[in-house]
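Hi,

Here is the structure I said I would pass on.

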Amino acid sequence: MSATALPTLSVKELTTDQEVRWCPGCGDYSILAQMKKALANVGVPREKMVFVSGIGCSSRFPYYMNTYGFHTIHGRAPTVATGLRLANPDLQIWVVTGDGDGLSIGGNHLLHVLRRNIDLKILLFNNEIYGLTKGQYSPTSRTGTPSKTSKTGSLETPIRPLTIAIASEATFVARTVDVDVKHLTETLQKAAAHKGAAFVEIYQNCKIFNDEVWAYATDKSVKADNLLYVEHGKPMVFGKDRNKGIRLNGLKPEVVEIGKDCGLDDVLVHDETTEDPTLATLLSRMVGPKFPEVVGVFRSFRKPCYEELLDKQIADITAKKGKGVVADLFKAEDVWTVE
Amino acid sequence: MASLTAPAGAAPASSAAASRNGTHTVQEVESITIRFCGDSGDGMQLAGTRFTDTAAILGNDIATFPDFPAEIRAPAGTLAGVSGFQVHFSSNDIHTPGDVLDALVVMNPAALKTNLRDLKKGGILIVNTDAFAQNDLDKAKYKSNPLEDGSLAGYHVVRVAVSKLNKEAVRECGLSPREQDRCKNFFALGLVYWLYERPLEATIKWLKDKFGKKPDHKPVLDANTAALKAGYNYGETVELLPVQYKVAKAKIPPGQYRKITGNEAIAIGLVAASHAANKQLVYSGYPITPASSVLEDLSQPEMRRHGVKTLQAEDEIAAIGVALGASFGGAIGVTGTSGPGICLKSEAINLAVMTELPLVILDVQRGGPSTGLPTKTEQADLLQAMFGRNGESPVAILAPQSPVDCFDITYEAVKIATRFMCPVFVLSDGYIANGSEPWKIPDVAKLPKIEIIHATKPNADSANGAVHEHGEGEGGGAGKFLPYKRDEYLSRPWAIPGTPGLEHRIGGIEKQDVTGNINYEPANHEHMVHTRWKKIENIALTIPDLDVIGDGDADLLVIGWGGTYGSITTAVDRVRKSGKKVAQAHLRYLNPMPKNTEAVLKRFKKILVPELNSGQLCWLLRAKYLAPAEGYNKVQGRPFLVSEIETAIANML
Ligand SMILES: Cc1ncc(C[n+]2csc(CCOP(=O)(O)OP(=O)(O)O)c2C)c(N)n1
Ligand code: SF4
Ligand SMILES: [Mg+2]
């Protein structure tokens, strides 16, 4: 792309002729709409964008984006996206996955794609349910969740997607909410700007099979008390009256009332740039109702990507020894001549 | 063939000549088969490879067969820990590593016990007598010492205190006692060099290349060289045997040669194909015997100079996903594994079938099912490759017939995958993967061209529409890109992400032909199922006909596929030399088969199908062509002996 005239894209240009097939009221609609808005100004032309997905309601996403797209198989999108990235260094590649797709059947791939720091923007639409297969509990469903396969309540401890992502050494980790359109758009743009594996968890409402699981995070009357919007360099303050904060007590975070329990200076200040995973991990483990749940960028820093290191190995050895010649390769072993 | 009638036993055509300094004679023989075996820590693979290189450089035709245990280091001295390397070298054209051994080198009782049955009566048995203490015999479960109880009476036993003599030879070189002992494979190698009148130069040069560069390697270099020479000199001094055997140069077409294993040939074939196609090669695999060495070879620094990109994936599913993603991105995507890995890959193979992207899938077959026999060979994945996925899932299947053929087949696989936009299986096996033979180095300029044309602009003219009316979305229209608009072979365009104006979406859901839009309509599905089959069948229009060799007017056709080519060819040869009529054909293309296959089968009254499985090709030939095919089957994790196939042929005549 030339630096002078960055392409801008209209929502219409990014829309395909395919009929969108999500249920009315599904959170996926909002994510699709914000994605189109977010991509309008990221400076990447349409043909350089690719959406790769697995299987699930969320994974239908590529069909609705007028870019290149690959709707792969259940759980495997990170692998296909990795191959695409190896083949083609100048695409912007988005991976769209669900809580079942990304954390159950594809959990292993997620660990490894993040650990390798492949330059992909991975969006996990977390609705805490298997949507496409019509309502079975998922690895993120809260213990006790009643579902088609857990009528008497799920017995399992849920996975915390961001704790996993941080433990897997992801270089960009963020969380946002489907209906917070402004924050969602900004978060997508930040992910787009990141070089390396970016992981974004999006609280997404499944209207049909798990309606209202995120009500505490979306309902205007309560969300300010239940969500903590973090920003780099800013103290962790939240609440309707902006009078609550997070303070560290030893190794444990605690909710404090500013002005009563302590001053603003005692409140934790967010640092998204540190490579040390401690703070981000701590934030990822704050769960309601005891704590506000954190939205925003947990961590973001630059580290070489697998494909960059591989390209460098190729460039270095080629610079030193020249480009490989096939005839020489044939003769790498001892050669003898028969007359 | 020669190795059966050759030395030591009945007198072959030989010229008795006085040896250089003794009374023994030198006999000229056509072929020799020899096996080095010992504990997996004894360095037998290395001794065997060095011997092979020397034979090749001296102008013999060669074929090798390494045979090692699944355990890397089973307890020393046990039966499970025996590792062997077999070399067949000849003044004639040979195709197999030999059935029966002319000479066997055993470094311990376990090796003797597990290998003696393959040594011919009267054959030479070189024994390291230092490893036959009671403790060693116990580990090999010998009740009495075979060196003393007369059980080796039928063989020409040569007793050598290898360990002791070796230690003496390398004492001065500055190695620890343990390291000293590890040179004994070179002592044994030296002995065998004497026996077959082979010069030591090539091996000494190899040692120098390997250990001569760093000063701290000098003791290793010195000691191994000393051990090698000591072994040779020992043979000469004590006149180990009354005869030395000599194998003349083979009449080999002129040219430059190197030794190559099947897996090496695959790695090189992929790189050569990527150059011919002017494409990036992306190879992803997960380590598994016997396929790992392809990933290892392709990740060498040398391969980076060819722009090869590799990724050791977290599992086989990821590996094929990476390869397929690379293909979507316009590279040559290749994944390699063995049978258990193919099981894991099947869902993604179907994604490639559905999205009609090029993909090369290497299956180096091993004994199954499940973990099976990891280090042993088998041909039992043919029907898995053919049918082992949900739905109707046609893929191309190719099978190399020898280590050298692995190059050509792999190259061809890339060509077919990119021309027909489809997954292509390469069904190799453990036997040819690890076996080696001389490879006549091809002229790069004469390799087949691989021409890839990517879509660069919209391909719809206004007449293009949906072939079936009830599909979702709209049809064509000038200025649109139709990702499933087909060419004369029914192949679809390959449009690489990044190309302006060709943005499109693909996936595993059934699609409407031409437009590629999601489509669940019954008639369209049937049309697409048939189209995918027909496309694969069209490959037959571009591949060579099936050749019949031997007696075209015979009653019996012997037809095989893959790595059994050498044994079948040698067996057919021998039967024909004995004056009987028999014809042979070998399938390198299993799906589709060459277009004259049916006509060939119809020409013969009887059809014999030797396979290292329970009859998979046989099953296909019967099902497809109603051919009166009869199987000859072996499922023991070992290749066919030539004699076994000879007998099977004789039983049919
Ligand atoms: C191999 C395989 N197993 C099972 C399925 C069935 N399946 C499709 S989507 C899905 C779960 C989807 O849940 P999630 O990833 O949370 O996506 P959502 O539909 O909630 O967006 C399952 C089990 C499948 N398509 N493939
Ligand atoms: S089932 Fe749930 S997640 Fe799927 S489309 Fe309907 S509302 Fe959305
Ligand atoms: Mg879900």
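This is a predicted model: local features need pLDDT of at least 70, side-chain atom pairs count only at pLDDT 80 or more; totals for chains, interfaces and linings use all residues.

Ile129(A) is buried, with a relative accessible area of 2%.

Now the contact between the two chains. Chain B brings 77 residues to it and chain A brings 59. The area buried between them comes to about 5,900 Å², and carbon and sulfur atoms give 61% of that. On the chain B side, the residues that lose the most area to chain A are Arg305(B), Glu314(B) and Arg505(B), which together make up 14% of what that side buries.

As for polar links, 34 residue pairs are in polar contact between chain B and chain A, counting those where both residues are at pLDDT 80 or more. Helix 13 of chain B (residues 316-328) gives the most to the side that touches chain A, with 8 residues. Sorted by class, that side of chain B has 41 nonpolar, 19 polar and 17 charged residues.

The rule finds 4 salt bridges across this interface.

Glu314(B), already listed for the area it loses to chain A, forms a salt bridge with Arg116(A), and the closest N and O atoms are 2.8 Å apart. Glu314(B) sits in the loop between strand 11 (309-312) and helix 13 of chain B, while Arg116(A) is in the loop between helix 4 (107-115) and strand 4 (121-126) of chain A. Both residues, Glu314(B) and Arg116(A), are buried.

In the other pair, the side chains of Asp311(A) and Lys309(B) meet at 2.9 Å, N to O. This one also crosses between chains, from helix 10 of chain A (residues 306-321), where Asp311(A) lies, to strand 11 of chain B, where Lys309(B) lies. How exposed is each partner? Asp311(A) counts as partly exposed, at 30% relative accessibility, whereas Lys309(B) counts as buried, at 5%.

Over all chains the salt bridge count comes to 47, and some of the others are worth a look too. Within chain B, the side chains of Asp42(B) and Lys184(B) meet in a salt bridge at 3.4 Å, N to O. Asp42(B) is in the loop between strand 2 (31-39) and helix 2 (44-57), and Lys184(B) is in helix 7 (residues 184-195), so this pair ties together parts of chain B that are 142 residues apart in sequence. Asp42(B) and Lys184(B) are both buried.

Over in chain A, salt bridges link Arg85(A), Asp119(A), Lys121(A), Lys195(A) and Glu307(A) into a network.

Send me a note once you have been through it.

Cheers

Terms used:
Residues are numbered from 1 along each chain as its sequence is written. Chains are lettered from A and ligands numbered from 1 in the order in which they are written. Side-chain values use heavy atoms; hydrogens and water are left out. Buried means under 20% relative accessible area, exposed over 50%, partly exposed in between (1.4 Å probe, protein chains only). Contact means heavy atoms within 4.5 Å. Buried area is the accessible area (1.4 Å probe) that two parts lose on being put together, summed over both. A polar contact is a pair of N or O atoms within 3.5 Å; within protein, one must be able to donate a hydrogen and the other to accept it, and residues adjacent in sequence count only if both atoms are side-chain atoms. Helices (H or I, at least four residues) and strands (E, at least two) are DSSP runs, numbered from the N terminus. Ala, Val, Leu, Ile, Met, Phe, Trp, Tyr, Cys and Pro count as nonpolar, Asp, Glu, Lys and Arg as charged, and the others, Gly among them, as polar.
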